[in-house]
Amino acid sequence: MVRPQLRLQDEPLNPQFGGQVLSSRWHYFETVFRRDEIRIYVYSPSRRLINAWKAKGTATLKVASSGQTLVLPVHAATDS
């Protein structure tokens, strides 16, 4: 018997911090836009919050009003 592969897009996650949720093949990401920062929370496929203190990368944002594209570094927050 062959089981169909689970696609995270088919299993939506309710945001825990009031952000917007997207999914990749292996993780959910909740993005919270605050006045002075952008926070990205990472969840496992089983919807558990992951300690992402080793997370590295960039976030690419496009400003709708100006069309400007910003590429910002991603790093672990020093506080919660």
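Predicted model: local features only at pLDDT ≥ 70, side-chain atom pairs only at ≥ 80, totals over all residues.
View 1. Going from the N terminus, you'll read the elements as β-β-β-β-β-β. That makes six strands and zero helices. The protein has 80 residues, and 16% of them count as buried. Take the contacts with a separation of 6 or more: 15% of these come from residues 24 or more positions apart.

**View 2. The ring pair, Phe 17 with Tyr 41.** The count here is one aromatic pair. Ring centres of Phe 17 and Tyr 41 sit 4.0 Å apart and the planes meet at 10°, so we call the pair stacked, because stacking asks for planes under 30 degrees apart. The two residues are 24 positions apart in the chain, and their pairing links distant parts of it.

**View 3. The Phe 17 end.** Phe 17 belongs to the segment before strand E1, which covers 20-23. Its relative accessible area is 37%, so Phe 17 is partly exposed; that label runs between the 20% and 50% cut-offs.

**View 4. The Tyr 41 end.** Tyr 41 lies in strand E3, made up of residues 38-43. Is this residue buried or exposed? Tyr 41 is buried, because its relative accessibility is 16% and the cut-off for buried is under 20%. So the stacked pair joins a partly exposed Phe 17 to a buried Tyr 41.

Key:
Residues numbered from 1 in each chain as written. Heavy atoms only, no water. Phe/Tyr/Trp six-rings, centres within 6.5 Å; stacked < 30°, edge-to-face > 60°. Helix = DSSP H or I, 4+ residues; strand = E, 2+ residues; numbered from the N terminus. Buried < 20%, exposed > 50% of the residue type's maximum accessible area, 1.4 Å probe, protein only. Contact = heavy atoms within 4.5 Å.
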